[in-house]
Amino acid sequence: MSRSFAHVLHACAVAVALVGVARRAHATQPEAPSELMPVNFMAAVESEGAVSGSVVPAANWEPLVLGDNGQVAEPVAPAPLPMAPQPAEPVPPPRLPIFDPPVIQMPAWYEAHTCPKCQPWTRGYLGSNYGTICTCNDTNINGFVFDGLVRGYYLNDQRVEWSGMEATFGAEGILIPRLIYNTANGWTLAGNGVFFINQPYDRDMYSTPERQSYLADFQVETFQIWNMNVTMTKGDLKLTVGKDNTPFGRYYFPIFSNSRMDAPFIRTEAINWVETGVFLRYTPSIFSIDLALTNGGNDRDTNSSKAGIARFGIQTENFVCGVSGKYQDGVGSETEKEYNNYYGGDFMIRRGQFDISGEAIYNQYGFKRPYDPNNIFWGRSIYYRDLYAGPNGLSGVGYYINCGYTWPRLRTDLNYGEFYPHPIGNPLADTPIRRAVVKGTWTLIPRLEQYLALIFENSRPTEPFRINQKPYALLTGFQTYF
């Protein structure tokens, strides 16, 4: 009995000892954390030794994980929250500088006329002698090429207010087909055509005896052959047979009318735009030599005499100068024969987007024999140039200066010229003529331009039926090309 009791006491003592050990071990353990704790709790304890008072949103809480040793495992950084998609900032459309670009890309129509071997404004868009054809790149072409231009416009020409046709809307176009062939021995052959499509005036033109001689000025051909020729080119040599632009002089301004009415005075009244005949051009290095034997008029000849035309010049990308001459004993036959001889010079200087150019001529004109100008039926000048003043005709000198500037989408030109007739005692023909032309063309979208031309002249004596005319004109419209 005593031994059993001793064993029981011994077991109780061992149990008490184990309980004490367990209590001491429990006292050394940290208090178990709650199931969820802020993820920044341990960082706060380690860095500051106390729990910070900041509150972390429950969305950023992560459950703690106990390691094998009963210690809290290294906290796991929360995954970053996905960012809500932000709307993309609108990209502004590219802005094209207009007035002050540091460096610009010249439009195709502007670059085209700088060809050192061809006439200015070759294949120039914006209607600037659009019919002139540059053949310098034809060696890279074999086949058919077709270009064109269409205009719609409004014209108000108060200089012909007496005609009843001074203000009108109109439409016109230009077609340029070409057939090019390069031979094996280095020759380039081309058949070229430039055709004007013109809208005519209505037939009910106001006509009186004094107006009758001017009616032909308003009888516009619906289909007009401006150029039609065959060219043969090899190296610096070019031979043209047919109807082509005159080799006389050079000009560097755009033209916005098939009638060429928005050009300087000596270009509209004296120098022919086109000639028909044989043309030879030789362009070694920077030199340019042109020789031509032509009918002397715009179309097929009405007499047996022919005109000789020549030009000798220097032409580089930024500088051009030359002297030209045309001589013939007269255009027309018998009593209708008129002089149309001229000699002159031309120049152009370009610096960046700015260019200045000009021409000056001595002009012999008028009838070679006595003729009543009221009997003219082929077109009469409103500046009284169709008069008889002796067997040597009339004469005068004239010039113009053109200043142009080209922005990426805008071209502006200021042109001023004068013509001084040699006095013959007739105030209608003796009064000097002064003409200023202001032009601008704006590229609205690619291949669509709006243009404006203003023409101002000085007041001069006129016939009584023309007393109400005013010395200015306006031309504006839109044009597109292909």
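A residue is taken as buried when its relative accessible area is under 20%, as exposed when it is over 50%, and as partly exposed in between, with a 1.4 Å probe and protein chains only. The structure is a predicted model, in which local features need pLDDT of at least 70 and side-chain atom pairs count only at pLDDT 80 or more, whereas totals for chains, interfaces and linings use all residues. Residues are numbered from 1 along each chain as its sequence is written, and side-chain values use heavy atoms, with hydrogens and water left out.

Of the 482 residues of the protein chain, 44% count as buried. The secondary structure comprises five helices and 18 strands, where helices (H or I, at least four residues) and strands (E, at least two) are DSSP runs numbered from the N terminus. With contact defined as heavy atoms within 4.5 Å, residues 24 or more positions apart account for 60% of the contacts in the protein chain that have a separation of 6 or more. The chain exposes about 25500 Å², of which carbon and sulfur atoms supply 63%; accessible areas come from the Shrake-Rupley method with a 1.4 Å probe, and for residues only the protein chains shown count as cover.

Aromatic rings were examined next. Rings of Phe, Tyr and Trp (its six-membered ring) pair if their centres lie within 6.5 Å, and planes under 30 degrees apart count as stacked, over 60 as edge-to-face and the rest as tilted. By this rule the model holds 22 aromatic pairs. The pair of Trp 162 and Phe 218 is edge-to-face, because the ring centres are 6.4 Å apart and the planes stand at 80°. Trp 162 lies in the loop between strand E3 (143–157) and strand E4 (167–182), and Phe 218 in the loop between strand E5 (188–198) and strand E6 (223–234), so that this pair ties together parts 56 residues apart in sequence. Trp 162 is buried at 5% relative accessibility, and Phe 218 is buried at 8%. Phe 196 and Trp 226, by contrast, form a stacked pair, with 4.8 Å from centre to centre and 20° between the planes. Since Phe 196 belongs to strand E5 and Trp 226 to strand E6, the pair ties together parts that are 30 residues apart in sequence. Phe 196 is buried with a relative accessible area of 0%, and Trp 226 is buried with 6%. One aromatic cluster is formed by Trp 162, Tyr 201, Tyr 214, Phe 218 and Phe 465.

A charge is said to sit over a ring if NZ of Lys or CZ of Arg is within 6 Å of the ring centre and within 35 degrees of the ring normal. The charged end of Arg 260 sits over the ring of Trp 273, 5.6 Å from its centre, and that of Arg 385 sits over the ring of Phe 419, 5.5 Å from its centre.

Ser 395, in strand E14 (residues 394–406), is buried with a relative accessible area of 17%; leaving aside neighbours within four places in sequence, its contacts include Tyr 362, Tyr 365 and His 422. Phe 478, in strand E18 (residues 472–481), is partly exposed, with a relative accessible area of 40%. The C-alpha atoms of Phe 478 and Thr 443, which are 35 residues apart along the chain, are separated by 9.8 Å.
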